[in-house]
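My notebook is open, and I want to see how this protein is put together. Here is what I looked up.

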Amino acid sequence: MINRSVCRFLPQTFDKILIANRGEIACRVIKTCKKMGIKTVAVHSDVDSSAVHVKMADEAVCVGPAPTNKSYLNMDAIMDAIRATGAQAVHPGYGFLSENKEFAKRLAAEDVTFIGPDTHAIQAMGDKIESKLIAKAAQVNTIPGFDGVVKTAEEAVKIAQDIGYPVMIKASAGGGGKGMRISWNDEETREGFRFSSQEAASSFGDDRLLIEKYIDNPRHIEIQVLADKHGNALWLNERECSIQRRNQKVVEEAPSTFLDPTTRRAMGEQAVQLAKAVQYSSAGTVEFLVDSNRNFYFLEMNTRLQVEHPITECITGLDLVEQMIRVAKGYQLKHKQEDIPINGWAIESRVYAEDPYKSFGLPSIGRLSQYQEPINLSKVRVDSGIQEGSDISIYYDPMISKLVTYGATRAEALARMEDALDNYVIRGVTHNIPLLREIITHPRFISGDISTNFLPEVYPDGFKGHQLEADKRRELLASAAALYITTQLRSQKVLGSLRHLILSFYFQCLSRDASGRIVLQYLGTSLRVLSKLAAELNSYMPEKVPEDTSSILRSPMPGTVVAVSVKPGDTVAEGQEICVIEAMKMQNSLTAVRQAKVKNVHCKPGETVGEGDLLVELE
């Protein structure tokens, strides 16, 4: 129900907005629309017909089957939904069509407002080659590189040699870490060119690439900007986004521990200069790489709402979705630069359905059999688009939620994040809470000593979970013993008091069975605890012989086979590509671990495979 008593104090904008997106960002936009008294229309694929964003909206329209190119990227179907519902404006969220100038043009042609910048700004900033040239002209610091389109792999090698290794190969129309590869030599450049162009074509329908100098060990710090159609523009402080895996952000915070007031202002002013250079109007983000001496270089501008926008909202008090809607309707900004505060500290953890023990997070699919967000805790915000019973599928991003905590100080925000992660209940899918908890409690993160290389530096052999100290091990055993005794006594009264004990010690009981086996989540990591009898009997069980992975290749994740590079009888060298699996629009090259002859191939391009499926056998 729309609260009209609140709505009458808000400026008149639109009667009905269609949200051309799904999941948590669609839910996020709907919440602000409800606050503003605006009716909403959700679009959805057939597999999303019972999704949370569909239930939240006033109306919903199915726009096609599960694959994104047939639904959420299907402009014809979305335009039909706009006409059928009479929506006056469209909020694109992030991803999908949010930075597609053709979509914005089609909306304008039918007198429907695009809640975002105009097509000129989308094109100028969406093309990384053009945006870099515009940034240079606007006196914005830029990274040395080649200011043109790279057409072939061999041309890429020559350019990389001229710039000097290492280099970054990335999609001209890209974003979100897709279509990006770091190259340290000629062979990696050839391989990177192929994968980046394929990912770019798959994700953005545009396979053009550019190459620039890779700044080793940088920080990734971005500036939130907000501009109207009357020439006014503001910078809303920064977000530190250096904790990443595969060029995708994992943990973000605002403000940054690294910036001093002088650097913050310089970055903010350059971000505004760039926004004004393209007559930008809406919320947008200018991303920078910052080296150890606080030199900063323009990376790209995202002409949309950013995934991590909630932490900016927490420290400024502004609702960025509301600001976007007001600007789209033609209102001037209500604030001046001197009105923008930094009130406290906010941290965001991206909770994903991923296995953090595999390359810091390979996608996991399944149904959420149990799901409980820690929203009962103080100063905790959870932006999600799922609920108990929701399916995490191979078709879409594996994000479960954005978990945000805030406080007067960074230490307070971090303590709240630790509590929130410990109290988050997720069953049915593998998730990355163990990794998130380890990151935010690591001494390097706490001290602010971070860079985009944080994860591989801290965990050079991959993430292994929390390593128990002696006192924590005693806590674990004591609680497991108490739980075991409770199970034996079957006392409801004791069980109730035990539940409090477990939660206060950061425990979750994931499962227990008649054999006495208990699985606990402790300090974010799952651990198996056996009774004395179960342990004794377990010693008689035959050991499972590890599979010889040198002779077989199994899929490390659910996904789609994009390419198979071998056939039976071929001889492959160590490190040679065998096949490519795409999951959530990211392509993963699977290679041979030794030289061998191919015995059998059990997959072909276009097939869907599950985690652990046999792909190729070697002799």
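Before anything else I wrote down a definition: two strands pair if DSSP finds at least two bridges between them. Helices (H or I, at least four residues) and strands (E, at least two) are DSSP runs, numbered from the N terminus.

I also noted that this is a predicted model, where local features need pLDDT of at least 70, side-chain atom pairs count only at pLDDT 80 or more, and totals for chains, interfaces and linings use all residues. Residues are numbered from 1 along each chain as its sequence is written, and side-chain values use heavy atoms, with hydrogens and water left out.

**Entry 1: the parallel sheet**

I started with an open sheet of 5 strands, in the order E3-E2-E1-E4-E5, with parallel pairing. Which strands stand at its edges? I found strand E3 (59–64) and strand E5 (113–114) there; each has a single partner strand, so one side of each is left without a neighbour in the sheet. Strand E2 (residues 39–45) and E3 run parallel and are joined by 5 bridges. I picked out His-44, whose bridge partner in E3 is Cys-62.

For directions I used axes, which are lines fitted to C-alpha atoms (for helices over the stretch in contact), with angles from 0 to 180 degrees between N-to-C directions. H2 packs on the sheet and touches strand E1 (16–19), E2 and strand E4 (89–91), its direction making about 170° with that of E1. Helix H4 (residues 75–85) packs on the sheet too, touching E1, E2, E3 and E4, and its direction makes about 155° with that of E3.

**Entry 2: the antiparallel sheet**

Next I followed an open sheet of 8 strands, E13-E12-E9-E10-E11-E14-E21-E19, where the pairing is antiparallel. Its edges are strand E13 (296–302) and strand E19 (380–384); each has a single partner strand, so one side of each lacks a neighbour in the sheet. On average, neighbouring strands of this sheet are turned by 25° against each other, direction ignored.

I zoomed in on E19, which 5 bridges join to strand E21 (residues 399–407), the two running antiparallel. Arg-381 has Val-404 in E21 as its bridge partner. Helix H2 (residues 23–35) turns up again: it packs on this sheet, touching E19 and E21, at about 115° to the direction of E19. Helix H13 (residues 410–422) packs on the sheet as well, touching strand E11 (248–254), strand E14 (345–352), E19 and E21; its direction makes about 140° with that of E21.

**Entry 3: two crossing helices**

How do the axes of helix H6 (residues 119–126) and helix H7 (residues 128–137) cross? They come within 5 Å and cross at roughly 95°. H6 and H7 are therefore roughly perpendicular to each other (the label covers 65 to 115 degrees; under 35 is roughly parallel, over 145 roughly antiparallel, the rest oblique). Gln-123, Ala-124, Met-125 and Gly-126 of H6 make the contact with Lys-128, Glu-130, Ser-131 and Ile-134 of H7.

**Entry 4: a salt bridge**

I counted salt bridges (a side-chain nitrogen of Lys or Arg within 4 Å of a carboxyl oxygen of Asp or Glu), and the structure holds 44. One of them joins the side chains of Arg-190 and Glu-187, at 3.7 Å, N to O. Both sit in helix H9 (residues 186–204), 3 residues apart, which means about one helical turn separates them.

The bond from Tyr-165 to Pro-166 is cis, with omega near 0°, and Pro-166 lies in the loop between helix H8 (153–163) and strand E6 (167–175). Ala-254 and Pro-255 are also joined by a cis peptide bond, omega about 0°. Arg-246 has a positive phi, near 55°, and its place is in the loop between strand E10 (233–245) and E11.

Conventions. Contact means heavy atoms within 4.5 Å.
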